[in-house]
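Notes follow in the order of looking.

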Amino acid sequence: MASHGVPRISGSQVRSEQLRLKELQHITEYKKLVSIVNLKVAEGQYTVEVLTLTTQLLTENAEYYTIWNHRRRILEYMFTQLPNTGPTPSNSNQNIPNLITGDLRWLVSLLRQLPKCYWVWNHRLWLLQKAEALLPTTAAHDLWHGELELVGKLLSLDSRNFHAWGYRRFIVAQIVRISASGSASSQSMVEAEFDYTTKMVKANLSNFSAWHNRSKLIPHLLDHRQADKTARREMLDAEFSQIQAAINTDPFDQSIWFYHQFLMSTLSPSDTRHAAIALDFTRQDQLRYYEQEILGIKDILEDTRDCKWIYEALLQYALSYFKIGGNTQNFTTTDMQEWLSNLRELDPLRKGRWDDLERSFTF
Amino acid sequence: MSLVSGPGRGGMTDARLPRELRLFVDKHVSYIQSLDTRKDELEYWLTEHLRMNGLYWGLTALHLLGHPDALPRNEMLDFVLSCMHESGGFGAAPGHDAHMLYTVSSVQILATLDAFDDLEERVKGGRQKIGHYIASLQNPATGTFAGDEWGETDTRFLYCALNALSLLGLLGLIDVDKAVEYIQSCQNFDGGYGNRPEAESHSGQIFTCLAALSIAGRLDVVESDRLGAWLSERQLKNGGLNGRPEKKEDVCYSWWVASSLAMIGKLHWIDGDRLASFILNCQDPDGGGIADRPGDMVDVFHTFFGLAGLSLLKYPGMVEIDPVYCMPLAITKRILEKPDVNS
Ligand SMILES: [Zn+2]
């Protein structure tokens with residue numbers, strides 16, 4: 001009912017009679033399975049047999065959310081009937097750990113086919129929360145840790161899947177929570193997660209999601225390191241020089257500009273939505289950073305005149321720079337008018353925005 | 001029941017526009033009418049979990065096309081009420097569990113059909129029941145909402161709650177301030193919103209957060225210049241809109257991005273004519289319906305969001321849509337401007 005990327009078949013290509021009959025047969029079988037499952041659940045038959053029927057049905061249609069609820073009702077009942085430990089190599093469903101790991105394994109294959117299906121991700125989280133409530137601590141912890149590996153694999157298949165990124169952040173938070181309450185040595189995973197984003201953006205500078213996650217991790221990272229003033233400024237400088245290098249490599253990449261804007265936004269103390277990187281900035285520091293970045297970007301114009309992101313960034317930063325009291329030593333309002341006219345030429349789609357921008361020029 | 005489009009109704013007549021700018025009103029109307037008759041297609045059965053949403057999409061699309069009576073009112077009403085549970089929640093179809101997603105669609109359909117009185121007649125205290133079901137899904141500590149008793153939380157459900165409760169006149173049942181605080185915690189430096197705190201900005205979530213803030217009367221917390229800039233960059237050279245940076249264009253984002261821009265008064269930051277032609281290009285001129293991209297298979301979801309986008313862009317002859325509720329503006333006005341609302 002909401003298909004993406006499926007080519008349209010023209011009206012003349014009607015199904016052959018044979019295909020039509022096959023489809024009708026399939027419908028009959030599917031409807032039969034649906035009614036058996038619903039009937040047996042309504043009768044309270046919370047058995048292995050019915051659980052298997054829900055597996056079959058959900059494999060065919062993972063979007064059928066009510067069946068996921070039925071499956072959880074059956075599992076919840078079984079959890080009350082079975083021991084919470086057992087010989088792990090056994091394949092039987094006769095204990096809770098096997099039931100849970102069996103379900104988790106099946107879900108991996110579903111997630112590979114349907115990495116954007118909300119219900120599958122939900123069921124997986126539900127299983128892990130059940131595991132923590134019902135299983136011995138170490139067994140439950142092993143399961144949470146195993147998830148990090150799984151989500152790493154899924155992100156290597158689609159590095160922008162926002163379900164997977166959200167899941168990753170959630171898993172990390174759970175592992176941190178668990179190790180804070182237990183005796184485990186690692187109290188924070190923020191260093192490892194930060195390194196992970198480094199690895200991801202090195203593999204592909206256009207990975208917007210990885211840049212996003214990096215922007216969220218930096219404040220935590222600095223707190224975790226108990227970074228002093230110097231360390232914080234070093235961090236900011238290192239990030240700026242890395243991103244300037246990336247801009248020089250490919251100024252047409254939107255993700256890189258996103259991260260540059262993030263760094264610039266941390267300069268002004270008025271931005272309270274996110275923690276600043278350097279906490280002791282004076283007006284002079286701010287102006288200095290603005291000048292450094294604006295001049296750095298202006299340099300790229302020498303070789304690249306047809307990249308709209310450059311003009312957008314220059315205009316945005318120049319306006320902020322004047323707002324905090326910058327002077328016209330390094331660039332003038334005439335420069336800004338020229339950047340704007342280049343922008344208008346390169347990006348006519350957003351004409352209305354450039355009109356509003358021009359109106360905001362109050363000099 | 002009128003199924004015929006008279007001249008001048010429901011879209012500009014074909015002769016006055018070049019083919020690529022035409023809206024095939026009659027084709028879309030019959031496409032939507034045909035949806036419930038496709039029982040010999042497996043897809044019909046595999047999408048039963050979307051039946052209630054499908055009805056909301058189809059019915060609202062018909063209103064936008066100027067054919068509000070093209071589906072039988074009583075049958076729709078019977079269907080919706082047959083999906084209501086004792087709890088006050090609605091499932092996607094009879095026998096499906098209750099969930100926020102279908103509850104809001106049900107309320108929207110009832111509102112569009114002007115059927116709140118029918119509801120009370122058939123289910124005593126029905127309005128209050130629905131209100132209490134929705135309110136019970138709010139987490140009092142964080143202000144956010146779960147989709148159902150199994151606990152998934154997402155800003156989508158928060159929007160659904162505010163949408164339905166305000167239509168029912170029952171916003172007083174929940175802690176709106178807490179809900180607003182939660183939305184603020186999902187805001188990113190780029191002005192956008194994710195589905196949870198720390199999540200990447202996403203056009204769909206931005207729509208739900210802005211619309212929820214609009215209903216709460218709190219658009220003042222939006223960083224509209226930054227957000228407007230981010231949203232306007234969603235328009236690609238082909239005129240279509242994508243949902244996140246570096247992604248492909250898709251008709252459904254015509255709605256989520258454009259309505260968000262409209263809510264912050266910056267719809268003029270994209271090229272409306274180019275967007276309209278992109279959507280029109282995604283029509284199936286023979287069978288009716290609109291696809292995600294030109295040449296693809298149509299479905300009711302993209303048909304609806306494509307038409308909603310065109311209505312927002314004031315395509316000639318279409319009925320105007322409310323960017324907050326995603327319903328015909330005349331209908332939300334009728335309901336929300338009633339003097340006894342929220343009493
Ligand atoms: Zn789509």
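For this entry I count a contact when heavy atoms lie within 4.5 Å. The model is predicted.

**Entry 1: the serine**

I looked up what S201(B) touches. Leaving out residues up to four places away in sequence, I found N188(B), D190(B), G192(B), Y193(B), G194(B), I206(B), W230(B) and R244(B). I then placed S201(B) in the chain. It sits in the loop of chain B between helix 9 (176–185) and helix 10 (203–216).

Is S201(B) buried or exposed? It is buried, at a relative accessible area of 0%.

Next I checked the polar contacts of its side chain. One goes to the side chain of N188(B), at 3.0 Å. Another, of 2.8 Å, links S201(B) to the side chain of D190(B).

**Entry 2: the cysteines**

How many disulfides are there over all chains? I get zero. The cut-off is 2.5 Å between cysteine sulfur atoms.

C282(B) is buried, with a relative accessible area of 0%.

I went on to C326(B). This cysteine is in no disulfide either. The nearest cysteine sulfur is that of C160(B), at 11 Å. C326(B) is buried as well, with a relative accessible area of 4%.

Key
Residues are numbered from 1 along each chain as its sequence is written. Chains are lettered from A and ligands numbered from 1 in the order in which they are written. This is a predicted model: local features need pLDDT of at least 70, side-chain atom pairs count only at pLDDT 80 or more; totals for chains, interfaces and linings use all residues. Side-chain values use heavy atoms; hydrogens and water are left out. Buried means under 20% relative accessible area, exposed over 50%, partly exposed in between (1.4 Å probe, protein chains only). Helices (H or I, at least four residues) and strands (E, at least two) are DSSP runs, numbered from the N terminus. A polar contact is a pair of N or O atoms within 3.5 Å; within protein, one must be able to donate a hydrogen and the other to accept it, and residues adjacent in sequence count only if both atoms are side-chain atoms.
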